[in-house]
Amino acid sequence: MRADLVRNLGNMCNSELHKGRLHVRRLIKEYIDEVSTQLRMVCGSDSEELLLEEKLAFMHETRHAFGRTALLLSGGASLGAFHVGVVKTLVEHKLLPRIIAGSSVGSIMCSIVATRSWPELQSFFEDSWHSLQFFDQLGGIFTIFRRVMTQGAVHEIRQLQVLLRNLTNNLTFQEAYDMTGRILGITVCSPRKHEPPRCLNYLTSPHVVIWSDVTASCAFPGLFEAQELMAKDRSGDLVPYHPPFHLGSDATSGASSRRWRDGSLEVDLPMMQLKELFNVNHFIVSQANQHIAPPLRIKEFVRAYGGNFAAKLAQLTEMEVKHRCHQVLELGFPLGGIAKLFAQDWEGDVTVVMPATLAQYSKIIQNPSTLELQKAAN
């Protein structure tokens, strides 16, 4: 049973088999029901030959061989309100994975999910989701100019910090995991040239407070200023988080100077980190990035109406773009920052792409209205 329990047996995970269908195909459902029956038989067996320790070992080993599913939420500024509807639907159908990760605005939704018990999560989507306000009021042109000149950013990040403190109850990654059993991963990048991006979670950084990591992950250059990570010490007080090692010529600088910014700049969807740390081999992606969603919508349109050759041509074009971006990064050309945005993985095994409109793009750095949040949630 352990050998044959594979996720894509008989190519049953092929998305073409499930397009336009509200229910799983009969043959696939029968297979899933049979596997569930067999697993329950193992659990409920009263045979003296099968000890409890052997049952537990079998279940752990089978789960490890089968792999795990993770939900990944992309960045996208105010377009990230789309994630509310994706998560709400998964919660309503009780299909929410235990592993949730994201960056930028996606990390906000991830932090909400990972810091709430199941009843609290259901209650949130019933009466609290419409209170999500990410940005402060821009103010007049002189206010914006002064803020850009003094802080290097259009928006003040304090409103977002207050919102996240209230939403996450000042929990650390470890505390959230102990309370809910969900694994939260949030990516951040360093302004330093040679420092790799991080995917913070309860294993790699258990004492980092979630709200500080989320604000850092939302700190897109020019939109918010880069943020310092905060952690709890032994007495529960907030202190600056000191990474375990330093990179670069400025390694002698103090910990207070170490700031982090938007994770979507380099690792929008931390698939590799989740594969290595948590044995994830199946990804559900909610994609709302303003520079990725339109190409994915076009590719889907080509697949649907252009035939097999057009679909392969679209895939070839995508591969070529990523290949050229990787070449730009390897050669160290000045456009490396832009190349990093397009060289990443865009899709998962299941990808839900936001159908954005031009009106939404025009308000991308403004708070979504109640009506827009309601549309996203429904």
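Begin by selecting Lys299, Glu318, Lys322 and Glu347, which are linked in a network of salt bridges. Keep in mind throughout the tour that this is a predicted model.

**The charged network**

Within this group, pick lysine 299 and glutamate 318, which form a salt bridge whose closest N and O atoms are 2.4 Å apart. This pair links distant parts of the chain, with lysine 299 in helix H11 (residues 293-305) and glutamate 318 in helix H12, 19 residues apart. Glutamate 318 and lysine 322 both belong to helix H12, where they are four residues apart, about one turn of the helix. In general, an α-helix has 3.6 residues a turn, so residues three or four places apart point the same way.

**A second salt bridge**

Next, select lysine 340 and glutamate 266, whose side chains meet in a salt bridge of 3.7 Å, N to O. Lysine 340 lies in helix H13 (residues 336-343) and glutamate 266 in the loop between strand S7 (261-262) and helix H10 (271-278), so the pair ties together parts that are 74 residues apart in sequence. Lysine 340 is partly exposed, with a relative accessible area of 30%. The count of salt bridges in the model comes to eleven.

**Strand S8 and its neighbours**

Move on to strand S8 (residues 280-287), which is mostly covered, since seven of its eight residues are buried. Strand S1 (residues 68-73) pairs with S8 in the parallel sense over six bridges, and in this pairing threonine 69 stands opposite histidine 282 in S8. Strand S9 (residues 350-353) also runs parallel to S8 and is joined to it by four bridges. To locate that pairing, select isoleucine 284 together with valine 350, its bridge partner in S9. As a general point for viewing strands, in a regular strand the side chains alternate between the two faces of the sheet.

**Valine 87 in helix H3**

Now centre the view on valine 87, which is found in helix H3 (residues 82-92). Valine 87 is buried, with a relative accessible area of 0%. Which residues does valine 87 touch, not counting residues up to four places away in sequence? They are Leu71, Leu73, Leu96, Met109, Val113 and Phe125. For a sense of distance, draw a line from the C-alpha atom of valine 87 to that of serine 212, which is 125 residues apart from valine 87 along the chain, and the separation is 22 Å.

**The two faces of helix H7**

Select helix H7 (residues 158-168), in which Leu160, Gln161, Leu163, Leu164, Leu167 and Thr168 are buried. Seen down the axis of H7, these buried residues fall within an arc of 165°, so they line one face of the helix. Turn the view to the face directed away from the buried side, and there are the exposed residues Arg158, Val162 and Asn166. What covers the buried residues of H7 includes helix H4 (105-114), helix H5 (118-127) and helix H9 (210-217).

**Serine 217 in helix H9**

For the last stop, go to helix H9, where serine 217 has its place. Serine 217 is buried, with a relative accessible area of 0%. Leaving out residues up to four places away in sequence, serine 217 touches Ser103, Ser104, Ser107, Ile186, Thr187, Val188, Arg261, Asp262 and Gly263.

Technical notes: Residues are numbered from 1 along each chain as its sequence is written. This is a predicted model: local features need pLDDT of at least 70, side-chain atom pairs count only at pLDDT 80 or more; totals for chains, interfaces and linings use all residues. Side-chain values use heavy atoms; hydrogens and water are left out. Buried means under 20% relative accessible area, exposed over 50%, partly exposed in between (1.4 Å probe, protein chains only). The arc is that of the directions from the helix axis to the C-beta atoms. Contact means heavy atoms within 4.5 Å. Two strands pair if DSSP finds at least two bridges between them. A salt bridge is a side-chain nitrogen of Lys or Arg within 4 Å of a carboxyl oxygen of Asp or Glu.
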